[in-house]
Amino acid sequence: MAEKKIRHKNALGSKEKRLQLFAYAVLVIGAVSMILPFLWMATTSLKTLDAIFIQPKNWIQMFVPTMFKWENYAEAFKVVPFAKFYLNSIMVGLAVTAGTVFTSAMAAYAFSRLTFPGRDKLFFAYLATTMIPGTVTIIPVYVLMRLFGWVDTYKALIIPMIFSAWGTFMLRQFFMTLPKELEDAAKIDGCGFFRIFWTIILPLSKPALATLTVFTFMGNWSSFMWPLLVTNSETMRTLPIGLESFKTQYSTDWHLLMAGSVMAMLPIVIIFIFTQRFFVESLKLTGVKG
Amino acid sequence: MALKARTKETLAAYLFLSPNLIGFMIFTFLPVFASLLLSFYKWDITTTPKFVGVHNFIDLLGFHSEGGRLIVNDPKFWQYLWNTAFMMFSIPICMMASLGLAIALNRKVKGESVFRTLFFLPSICPGVAVAILWLWIFNPDYGMLNNIIYWIGKFLGFNIPGPLWLNSLGWAKPSLMLMNFWISIGGMNMILYLAALQGIPRDFYEAAEIDGANGWQKFWAITWPQISPTTFFIFLMSIIGGFQGGFMQAYIMTGGGPGGATTTIEYYIFNNLYTWQNVGYASAIAWSLFVVIFLFSLVNWRYGGKLIHY
């Protein structure tokens, strides 16, 4: 009986081991298929134009750079104003992020900590608009930009983007979790609403504010349709639009195109590696849970 | 006194709200109705708008008789709607892959965070850069995929001709679906599944083990029902997202071709708005899309909370 039990446990153990091995196999296959395209991109970006159009002799030649033509990166910078695109992307990204966090935090404070007539109806209107497809609102806003004469200005790239219903919603959810007693104590001490917001709510909400900051900046860095609609001249382009026009001009210079793609991805990948915990954080904040 | 405090609070609330509220009204709330209004006009932004009633919607959704046969007024729209729907067939496959990766990650493997970071990378990279990368991967002569197919063929001892990928009528849509698969399986959906799996109480499994359940039985009796709210949520969000997808790929990779095979509704709206300056028609398409998406959102609100197994 005892022997049988042990054998059963052993059988279970080896089965567990096999399952664990299978899990590793799935993960490794997944990881390799995720990496290969990136490797292919990096390798191509370091080749000469002639080397690109040769069938690689073996696997290694295909994915591991055998030559390091770093000049490709310098050349990509030379043939199109990549530096300007970078600058535009960074400037617009910072402005949009600062604006979004500022307006969202203020509105979220009103929605979560203050009582006023019409609050819940107004909040419902905010929430409802997050369900509306972007193109429905983009059309009139694009028309508005044309009528204002804002096309091809930083105003068009920044101002319509800094009023985020989603950001307001997310911060409101976080502010709701802060204990009410904190405010009551401050109120007795004679603190005004702005002091409470600035010295109590904001410092306690650093994780939520950081999450919104990271999300907004990264979203803006990848944003494509809006900057495409409202920019015409080369000097106003953000990185994605610049990269797209680069692609149309140098459609077969794959080594330069891959160098450009690497340069567009690199900052965001670095930011992501340092801030990835906020992505998991955002799930908790918006109440989306399993 | 109490009344005064309340008015003060209301005043403060609107002061706090005002920066966001003004922008929200101008750039989000009013545009929803503005685009509905625009859908009743024919307008190219530069000339005076012309009121056409529901004509845009008739052009878009209606049909007419031609020699006894019913012909739709805008066959392109229906083709693009079909394209959009076709691309959404990859949703269940993507979800299964995300779940598979999440289950594997949830088994307390070594280097979990490294795997998770790697899987997440494609979904945070700028879409334009990813699209250009995949354009090169799909290159029929020198691209990565056809190189791999060539090597596999050589290994097996015969020559497998790789497809033309984006240049072929039949392969164009599956190619984009493959790319989307790569982008999305390790992204937010996997993280959602992982969070759901971690939320299942351990004693459920322990109880099942005492009853002698095997791994497969445990999955169907415990895991699957426990994560069903997440599955439902991801599925609906993917559908809602799918209706609005395909713009960037079409714009950068295929130009909507070959033969309109990769033009989605979103790209059609963009072309009407930007390329052809047909604001009224673009608004009509966008609003029709909105109605469809709204129906799916209603399903989400109505049933989303009810499917939770606790």
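Student: What share of the contacts in chain B with a separation of 6 or more comes from residues 24 or more positions apart?
Tutor: Such residues account for 63% of those contacts, where two residues are in contact if their C-beta atoms, placed from the backbone, lie within 7 Å. This is a predicted model, in which local features need pLDDT of at least 70 and side-chain atom pairs count only at pLDDT 80 or more, while totals for chains, interfaces and linings use all residues. Residues are numbered from 1 along each chain as its sequence is written, and chains are lettered from A and ligands numbered from 1 in the order in which they are written.

Student: What makes chain B more spread out than a compact globule?
Tutor: Chain B comprises 14 helices and four strands, these being DSSP runs numbered from the N terminus, with helices (H or I) of at least four residues and strands (E) of at least two. Its radius of gyration, taken over C-alpha atoms, is to be set against the globule rule of 2.2 Å times the number of residues to the power 0.38. For 310 residues the rule gives 19 Å, whereas chain B has 25 Å, well over that value, and chain B is therefore more spread out than a compact globule. Along the principal axes, the C-alpha atoms of chain B fill a box of roughly 80 × 70 × 40 Å.

Student: How do you know where the domains of chain B lie, and how far apart are their C-alpha centres?
Tutor: The bounds come from an automatic or database domain assignment, which divides chain B into domain 1 (1–33) and domain 2 (75–304). The C-alpha centres of these two domains of chain B lie 39 Å apart. For chain A the assignment gives domain 1 (2–69) and domain 2 (78–285), with C-alpha centres 36 Å apart. Eight residues of domain 1 of chain A are in contact with seven residues of domain 2 of chain A.

Student: Why is B:Trp165 called buried?
Tutor: A residue is buried if 20 or more other C-beta atoms, placed from the backbone, lie within 10 Å of its own, exposed if 12 or fewer, and partly exposed in between. B:Trp165 has 23 other C-beta atoms within 10 Å, and is therefore buried. B:Trp165 is placed in the loop between helix 7 (144–156) and helix 8 (172–184) of chain B, and its phi is near 50°, a positive value in a residue other than glycine.

Student: What is the count behind the label given to B:Ser297?
Tutor: There are 19 other C-beta atoms within 10 Å of B:Ser297, so this residue is partly exposed. B:Ser297 belongs to helix 14 (residues 279–304) of chain B. Neighbours within four places in sequence left aside, B:Ser297 is in contact with A:Met131 and B:Ile240.

Student: What makes a set of residues a nonpolar core, and which residues have the most contacts inside the largest one?
Tutor: A nonpolar core is a set of buried Ala, Val, Leu, Ile, Met, Phe, Trp, Tyr and Cys residues joined through C-beta atoms within 7 Å. The largest has 144 residues, and B:Ile132 and B:Ile285 have the most contacts inside it. Helix 5 (residues 82–113) of chain A gives the most to this core, with twelve residues. Apart from neighbours within four places in sequence, B:Ile285 is in contact with B:Leu60, B:Ile265, B:Tyr268, B:Ile269 and B:Asn272.

Student: How do you know that the length of helix 4 of chain B is close to the expected one?
Tutor: The expected span is 1.5 Å times one less than the number of residues. Helix 4 (residues 90–105) of chain B has 16 residues and reaches 22 Å from its first C-alpha to its last, close to the expected 22 Å. Buried residues in helix 4 of chain B include B:Ser90, B:Ile91 and B:Cys94.
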